[in-house]
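Colleague: I would like a close look at a single part of this model, with its surroundings. Please keep the answer connected.

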Amino acid sequence: MRSINPRTGTEMTPNETIIYDELCRVAEAGEACPNYLDLNELIGAESSSTSPSIVKRLEDRGLITVIRFQRFRQVKICATGHWTMKAPNQKTTSAHVPRGCGAGSRAGGKVRVSRGAI
C-alpha cells in the first residue's frame, strides 16, 4: 500500500514515510543520524536489512543524499538542504571502505579491475 507523503508529494510506502519523516526531523533539529537499529525499531521491523534497504531506496529516488563513513553516516535532505550531524562519539573522518578493499584484504588495499569489467 502506498500513500502520498505530504513533505515530498510523492508516493511512498508507510515505512518509507516513517523513516523519511524521522530523517527530516533529525536533520532539522541538528541531531545525529539514527542508526539502522533505531530506524528498525521505529518501523517495527524484525529484519536487520529493512531500514538500510529503505534508506537506499530513498537515496536512489533522489530524496536524500548519504555520505557513509566507517562508523556513522550523514544524511542530507535534498528538499531542504539540511544535514544530520555527526554523532559526538564518532571522531573518525575516514571514508567508508567497501568490504574486501581495505587493509588485510587480498587486494592489498587496492581494488583490482580487469580490462573487461570497464
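Leaving aside its neighbours within four places in sequence, which residues is Ile64 in contact with?

Modeller: This is a predicted model, and confidence comes before contacts. The mean pLDDT of the chain is 81, with 72% of the residues at 70 or more. By element, the mean is lowest for strand E1 (residues 3–4), at 74, and highest for helix H1 (residues 14–29), at 94. Where pLDDT is low, predicted coordinates should not be read in detail.

Now to Ile64. Beyond four places in sequence, Ile64 is in contact with Tyr20, Leu23, Val55, Leu58, Glu59, Val75, Lys76, Ile77 and Cys78. Ile64 also belongs to the largest nonpolar core, which has 17 residues. Ile64 is listed there among the residues with the most contacts inside the core, along with Ile19, Tyr20, Leu23, Leu58, Val75 and Ile77. The elements that give two or more residues to this core are H1, helix H2 (36–43), helix H3 (50–60), strand E3 (64–68) and strand E4 (73–77). H1 gives the most, 5 residues.

At the start of H2, the backbone nitrogen of Leu37 has a side-chain oxygen of Asn35 within 3.1 Å. Just after H2, Gly44 has a positive phi of about 75°.

H1 also holds Thr17. With a relative accessible area of 15%, Thr17 falls under the 20% cut-off and therefore counts as buried. Not counting residues up to four places away in sequence, Thr17 touches Asn5 and Met12.

For the chain as a whole, there are 3 helices and 4 strands, in the order β-β-α-α-α-β-β from the N terminus. Of the 118 residues, 31% count as buried. Among contacts between residues at least 6 apart in sequence, 41% join residues at least 24 apart. The chain exposes about 7900 Å², and carbon and sulfur atoms supply 51% of that area.

Key:
Residues are numbered from 1 along each chain as its sequence is written. This is a predicted model: local features need pLDDT of at least 70, side-chain atom pairs count only at pLDDT 80 or more; totals for chains, interfaces and linings use all residues. Side-chain values use heavy atoms; hydrogens and water are left out. pLDDT is the predictor's confidence in each residue, from 0 to 100. Buried means under 20% relative accessible area, exposed over 50%, partly exposed in between (1.4 Å probe, protein chains only). Contact means heavy atoms within 4.5 Å. Accessible areas come from the Shrake-Rupley method with a 1.4 Å probe; for residues, only the protein chains shown count as cover. A nonpolar core is a set of buried Ala, Val, Leu, Ile, Met, Phe, Trp, Tyr and Cys residues joined through side-chain atoms within 4.5 Å. A polar contact is a pair of N or O atoms within 3.5 Å; within protein, one must be able to donate a hydrogen and the other to accept it, and residues adjacent in sequence count only if both atoms are side-chain atoms.
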